[in-house]
Amino acid sequence: MSTRFDPRALPGGRKLPATVEFDPTDLEPVEPVIAGRAMVVVVTDRMPEERADFIGPLVTELLEEEGFLVGGVVGVAADESEVRKALETAVVGGFDFVVTVGGTGVGPRDITPEVTEEILDQRLPGIAEAIRSSGLTAGAVDSIVSRGHVGVSGSTVVANLAPSRAAIRDGMATLCPLVSYVVAQLSGFDGL
């Protein structure tokens, strides 16, 4: 004896309706999920305000696409005290994520990694290596030779990126999903 499968059958002998009325205008608007508050620090010796005007909107757009609320873009000179002050302001200000752009190479004024290392409580070397590895694939030379760090200071994730457009785009694509995961862990939500 063979039984025929009825795709509308439910347990207990009930059946799904043959048609369902659906009106998309009845749906409540979905609130966007905020991944966290972010700040952008542009480090350069070439007129910090002008570099911030070029780099800031690009990084802001990429952060917003990933659900971050950008609370500011700051341009600072490649000076230890200025970089430290910008990073400490972000940490004390309660930002979830601060991304620095620039000052990660091997030049005499490239001091961003050293300053970042001094303020980090925990390092996340796997993320920094993932950025360099994806930079290699994307052909972003400055990303490949970047000495940038990624880590946590207080409850703020800090990441250093190289300043070319390719390094920024590729670095942010690699970085943002990983940072969202770390921010969730820091806030006590591990998704399990």
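Let's start with the fold: this protein has six helices and six strands. Those are DSSP runs, numbered from the N terminus, with helices being H or I of at least four residues and strands E of at least two. The model is predicted, so to speak of local features we need pLDDT of at least 70, and side-chain atom pairs count only at pLDDT 80 or more, while totals for chains, interfaces and linings use all residues. Residues are numbered from 1 along each chain as its sequence is written, and side-chain values use heavy atoms, with hydrogens and water left out.

Now the order of elements. From the N terminus on, they read β-α-β-α-β-α-β-α-α-β-β-α. The protein has 192 residues, and 41% of them count as buried. Buried is under 20% relative accessible area, exposed is over 50%, and partly exposed is in between, using a 1.4 Å probe and protein chains only. Then contacts, meaning heavy atoms within 4.5 Å. Take those between residues at least 6 apart in sequence: 73% join residues at least 24 apart.

Next, the sheet. Six strands form an open sheet with mixed pairing, in the order S2-S1-S3-S6-S5-S4. The edges are S2 (68-76) and S4 (122-123), each pairing on one side only. Two strands pair here if DSSP finds at least two bridges between them.

Let's walk across it. S1, residues 36-43, runs parallel to S2, with eight bridges joining the two. Val 43 has Val 76 as its bridge partner in S2. S1 also pairs with S3, again in the parallel sense, over five bridges. There, Val 42 is partnered by Val 101 of S3.

How enclosed is S3? Five of its five residues are buried, so S3 is largely enclosed by the rest of the structure. Phe 97, Val 99 and Val 101 point one way, Val 98 and Thr 100 the other, and all are buried. Five bridges join S3 to S6, and the two run parallel. Val 98 finds its bridge partner in S6 at Val 158.

S5 and S6 run antiparallel, joined by four bridges. Val 152 is the bridge partner of Val 157 in S6. Two residues sit between the strands of this hairpin, and Gly 154 takes a positive phi near 65 degrees. S4 and S5 are antiparallel too, over two bridges. That pairing includes Gln 122, whose bridge partner in S5 is Val 152.

S5 is covered on both faces. Val 150 and Val 152 lie on one side, Gly 151 and Ser 153 on the other, and all are buried.

Now the helices over the sheet. H4, residues 125-138, lies across S4, S5 (150-153) and S6 (156-161), at about 145 degrees to S5. H6, residues 165-186, lies across S2, S3 (97-101), S5 and S6, at about 165 degrees to S6. Axes are lines fitted to C-alpha atoms, for helices over the stretch in contact, and angles run from 0 to 180 degrees between N-to-C directions.

Is Glu 118 buried or exposed? Exposed, with a relative accessible area of 52%. Leaving out residues up to four places away in sequence, Glu 118 touches Glu 80 and Arg 84.

On a 1 Å grid over the protein atoms alone, a cavity is a set of points where a 1.4 Å probe fits but cannot get out; a pocket is an open set with protein on both sides within 12 Å along at least five of seven lines; lining residues have an atom within 4 Å of a point. Points are joined across faces, edges and corners, and volume is the space filled by probe spheres set on them.

The largest pocket has a volume of about 330 Å³. Of its 18 lining residues, the closest to the centre are Thr 44, Arg 46, Gly 103, Asp 110 and Pro 163. The lining divides into five nonpolar, seven polar and six charged. Nonpolar covers Ala, Val, Leu, Ile, Met, Phe, Trp, Tyr, Cys and Pro; charged covers Asp, Glu, Lys and Arg; the others, Gly among them, are polar.

How many cavities of 30 Å³ or more does the search find? One. The largest cavity has a volume of about 40 Å³. H4 gives the largest share of its lining, three residues. Residues lining that cavity include Arg 132, Ser 146 and Asn 160.
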